[in-house]
Amino acid sequence: MKEKSTKFRIVDILLILMMVLPLVAAMVIKILTNEPSLDGGVSIAGARIFFSIPMPIQDLIITEAQINAWLILITILGACLFFTHGLSEDKRDWRQMAAEWVVEKVDGLVEASMEDIFRKSYAPFIAAILAYSACSSLMSLIGVFPPTSDVNVIAGWSILVFGLITKNKLKAGFGNYAKGFLEPIPVMLPMNILGEVATPISMTFRHFGNVMSGSVIATLIAWALQNLSRMVLGWLPGILGEIPFLQIGLPAVLSVYFDVFSGCIQAYIFAMLTMLNISGAYPADAIAERLAKRKAKKAKVA
């Protein structure tokens, strides 16, 4: 029993390292590859490009956002394995209760926003979106470029959601799907096509715009306070004149809103839009009508 307990603790330590080391690696990469501004001004840019891999059609560019996104995936995987390690029906510890609480909350969210038929199949997907989006936005708290500030990352999520929406629309048959573009009148075909394409675009820029704008505003205010502190308190002797006293406090308060609150809210909104769009795309009436016709046809043949 003692040997089993020791192995259990070793696995726990390895899983904790699996959660922590990717975040440490992201900070180390940031420090080693950071290029400070030569003029001391504010620098607001997108994800830095590390290298590119030659490809037949277009080179595959590896950026800071992609590296950080993969590191976040490893951290989330480590957290999932840690909280589900040693599950037991006889003795429930705090980790198992936390995991069960998360599952119950996500199941309730999916059940309230979608039809019950989607709960088992889409609850893990919605939980992944919530965790991935929230953790990506919270990366800015440790001074690392958040993947949600890169439009390409959000566009990838939106394209995946758009594929699921189209999959549900096709469940009633391609003819019924194509017919929807001609409703309510055939002249609406261009507008319906535009509306179909606008779904992933709007989801992408809504999430990206809110996260990126918060990062830009927080950076500009911190830079302005630093310069204001130098102007007002620069007369202090020695190193005291170089300390940005006015920068203490307010940037931290703004970070709580833009990085924590806003990041989590945007993750929730993206998950809600995903559930509503997928659920709304499910042609329940058309499928029921199709099954009724098929059943009537079988009864007529019999």
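The following legends describe close-up views of a predicted model. Local features require a pLDDT of at least 70 and side-chain atom pairs a pLDDT of 80 or more, whereas totals for chains, interfaces and linings use all residues. Residues are numbered from 1 along each chain as its sequence is written, and side-chain values use heavy atoms, with hydrogens and water left out.

**View 1. The second largest pocket has a volume of about 880 Å³.** Of its 27 lining residues, Cys-80, Val-102, Val-106, Ala-127 and Ala-131 are the closest to the centre. A pocket is defined on a 1 Å grid over the protein atoms alone, as an open set of points where a 1.4 Å probe fits, with protein on both sides within 12 Å along at least five of seven lines; lining residues have an atom within 4 Å of a point. The volume is the space filled by probe spheres set on the points. Helices H2 (64-83), H3 (94-113) and H4 (119-138) each supply at least two lining residues, and H3 gives the most, with ten. Helices (H or I, at least four residues) and strands (E, at least two) are DSSP runs, numbered from the N terminus. The lining of this pocket comprises 22 nonpolar, two polar and three charged residues; Ala, Val, Leu, Ile, Met, Phe, Trp, Tyr, Cys and Pro count as nonpolar, Asp, Glu, Lys and Arg as charged, and the others, Gly among them, as polar.

**View 2. Asp-12, Asp-93 and Arg-95 are linked in a network of salt bridges.** A salt bridge is a side-chain nitrogen of Lys or Arg within 4 Å of a carboxyl oxygen of Asp or Glu. Between Arg-95 and Asp-12, the closest N and O atoms are 2.8 Å apart. This pair joins distant parts of the chain, with Arg-95 in helix H3 and Asp-12 in helix H1 (residues 2-33), 83 residues apart. Between Asp-93 and Arg-95, the closest N and O atoms are 4.0 Å apart. Arg-95 counts as buried because its relative accessibility is 4%, where buried means under 20% relative accessible area, exposed over 50% and partly exposed in between (1.4 Å probe, protein chains only). Asp-93, at 28%, is partly exposed.

**View 3. Glu-64 forms a salt bridge with Arg-48.** The closest N and O atoms of this pair are 2.8 Å apart. Glu-64 lies in helix H2 and Arg-48 in the loop between H1 and strand E1 (49-53), 16 residues apart. Glu-64 is buried, with a relative accessible area of 4%, whereas Arg-48 is partly exposed at 22%.
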